Amino acid sequence: MRYWYTEEEVKRIQELNADYQQVTDLSTMIETCLRHPEENEVVVPLTTAQISEVINRTYPGVKTGAGFCVKLGIMLKRMEFQRRSMGKGQEYYIVPRKVA
């Protein structure tokens, strides 16, 4: 009787659990899904709620509630995305990437 998995078993378990794994590096998610606009590029500003929907299309396991939107806003500011203040929060000048 053995008490460990073979490499093949570990690989198969990871494949089966892929939909349930959560990516925690927010900056990586942002870089994968979004980009800074190019100079003179016309951009429709997005709220953190709208940006979280974009991220959720690529990372469906991410919990995108109010707490996520706050963390997202902090990270977007750190990553120097241009923003404007609105009555109910910030909107960010950001461009969704075409992710396959």
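I started with H2 against H4: they pack at an angle of about 75°, with axes 10 Å apart. For the record, axes are lines fitted to C-alpha atoms, for helices over the stretch in contact, and angles run from 0 to 180 degrees between N-to-C directions. Helices (H or I, at least four residues) and strands (E, at least two) are DSSP runs, numbered from the N terminus. H2 and H4 are therefore roughly perpendicular to each other. My cut-offs here: under 35 degrees is roughly parallel, over 145 roughly antiparallel, 65 to 115 roughly perpendicular, and the rest oblique.

Two notes on provenance before going further. This is a predicted model, where local features need pLDDT of at least 70 and side-chain atom pairs count only at pLDDT 80 or more, while totals for chains, interfaces and linings use all residues. Numbering runs from 1 along each chain as its sequence is written, and side-chain values use heavy atoms, with hydrogens and water left out.

Next I listed who meets whom. From H2, Leu26, Ser27, Met29 and Ile30 meet Phe68, Lys71, Leu72, Met75 and Leu76 of H4, where contact means heavy atoms within 4.5 Å. By class I get 7 nonpolar, 1 polar and 1 charged for the contact of H2 with H4. The classes: Ala, Val, Leu, Ile, Met, Phe, Trp, Tyr, Cys and Pro are nonpolar, Asp, Glu, Lys and Arg are charged, and the others, Gly among them, are polar.

**H3 against H4**

I looked up this pair next, and the angle is about 95°, with the axes 9 Å apart. H3 and H4 are therefore roughly perpendicular to each other. On the H3 side I noted Thr48, Ala49, Ile51, Ser52 and Ile55, which meet Phe68, Cys69, Leu72, Gly73 and Leu76 in H4. The contact of H3 with H4 has 7 nonpolar, 3 polar and no charged residues.

**H2 against H3**

The angle between H2 and H3 is about 90°, with axes 10 Å apart. H2 and H3 are therefore also roughly perpendicular to each other. Met29, Ile30, Thr32 and Cys33 of H2 make this contact with Val54, Ile55 and Thr58 of H3.

**The core**

Which residues touch the most other members of the largest nonpolar core? I found Ile30, Leu34, Ile51, Ile55, Leu72 and Leu76, out of 18 residues in that core. The definition I used is a set of buried Ala, Val, Leu, Ile, Met, Phe, Trp, Tyr and Cys residues joined through side-chain atoms within 4.5 Å. H2 (26-33), H3 (48-58) and H4 (66-78) are the elements giving two or more residues to the core. I then clicked on Leu76: beyond its neighbours within four places in sequence, it is in contact with Ile30, Ile51, Phe81, Tyr92 and Ile94.

Is Ser52 buried or exposed? Ser52, in H3, counts as buried because its relative accessibility is 4%. The scale is under 20% relative accessible area for buried, over 50% for exposed and partly exposed in between (1.4 Å probe, protein chains only). Leaving out neighbours within four places in sequence, Ser52 is in contact with Thr64, Phe68, Cys69 and Leu72.

Thr48, also in H3, counts as buried at 17%. With residues up to four places away in sequence not counted, Thr48 touches Cys69, Leu72, Gly73, Gln90 and Tyr92.

Thr47 sits in the loop between strand E1 (34-35) and H3, and is partly exposed at 25%. Its contacts, neighbours within four places aside, are Gln90 and Glu91. I also noted 9.5 Å between the C-alpha atoms of Thr47 and Met86, which are 39 residues apart along the chain.

**The strand pair**

E2 (residues 83-86) and E3 (residues 89-92) run antiparallel, joined by 4 bridges; two strands pair if DSSP finds at least two bridges between them. A hairpin of 2 residues joins E2 to E3. I checked two partners: Arg84 bridges to Glu91, and Met86 to Gly89.

**Positive phi**

Asn40, in the loop between E1 and H3, has phi near 65° and is exposed at 73%. Glu80, in the loop between H4 and E2, has phi near 60° and is exposed at 66%.
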